[in-house]
Amino acid sequence: MANNIGYLTSDRTDDSLFSPYYIVDHIIKYLPKNKKIWCPFSEEWSMFYKRLKEVGFKVIRSSLVEGQDFFEYKPDKFDLIVDNPPFSTKDKVLERLYSFNKPFAILLPLNSLQGKSRYKYFKQGIQILSFDARVSYHDKDHMDSVVKGSPFATAYFCRDLLPKDLIIEKLV
């Protein structure tokens, strides 16, 4: 059996990975249709924003590029948050998410479950939607197709959304 050393040998220096449409489809069935969703890390072209709108959700978005820093900006009205945040800021993202006291679903590396700084949030309640395979993301050089061979597993980290605390699905 081959060793899984992708996370050790990856030369990725930034965390600008972009979600493919199929990963958005996995969370859609768990989202309440009558709620306003905020995608705080999404551009107009971002798949979370586009796909959620396509299937009929009320969605608002914001982005750092447009001067709306998630750590400082908050829209007037939203019911839940769904997005793919920068993984390098996951601790700050979780702190801010829990401060809203609203449901959320965000993609994070699965190993984010570990960590003393995150324990204080997760003990308040966390749900996981994980997959049988690794998600293949787009990067800035491959926006037309996903890059195979992700060096890490990702999952949705959710609060007050899933019907049970752990769900594992076949990745389509």
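Residues are numbered from 1 along each chain as its sequence is written. In this predicted model, local features need pLDDT of at least 70 and side-chain atom pairs count only at pLDDT 80 or more, while totals for chains, interfaces and linings use all residues; side-chain values use heavy atoms, leaving out hydrogens and water.

**Exercise 1.** Work out what percentage of the residues is buried.

Solution. Buried means under 20% relative accessible area (1.4 Å probe, protein chains only). Of the 172 residues in the protein, 47% are buried.

**Exercise 2.** Describe the largest nonpolar core.

Solution. A nonpolar core is a set of buried Ala, Val, Leu, Ile, Met, Phe, Trp, Tyr and Cys residues joined through side-chain atoms within 4.5 Å.

- Step one: the largest core has 26 residues, and I27, L31, L52, V82 and Y156 have the most contacts inside it.
- Step two: elements giving two or more residues include α2 (21–28), α3 (47–54) and β8 (154–159). The largest share, five residues, comes from α2.
- Step three: look at Y156, whose contacts (heavy atoms within 4.5 Å) include I23, V24, I27, F48 and L129, not counting residues up to four places away in sequence.
- Step four: a second, separate core of 19 residues includes F87, Y121, F122 and A155.

Definitions and conventions: Buried < 20%, exposed > 50% of the residue type's maximum accessible area, 1.4 Å probe, protein only. Helix = DSSP H or I, 4+ residues; strand = E, 2+ residues; numbered from the N terminus.
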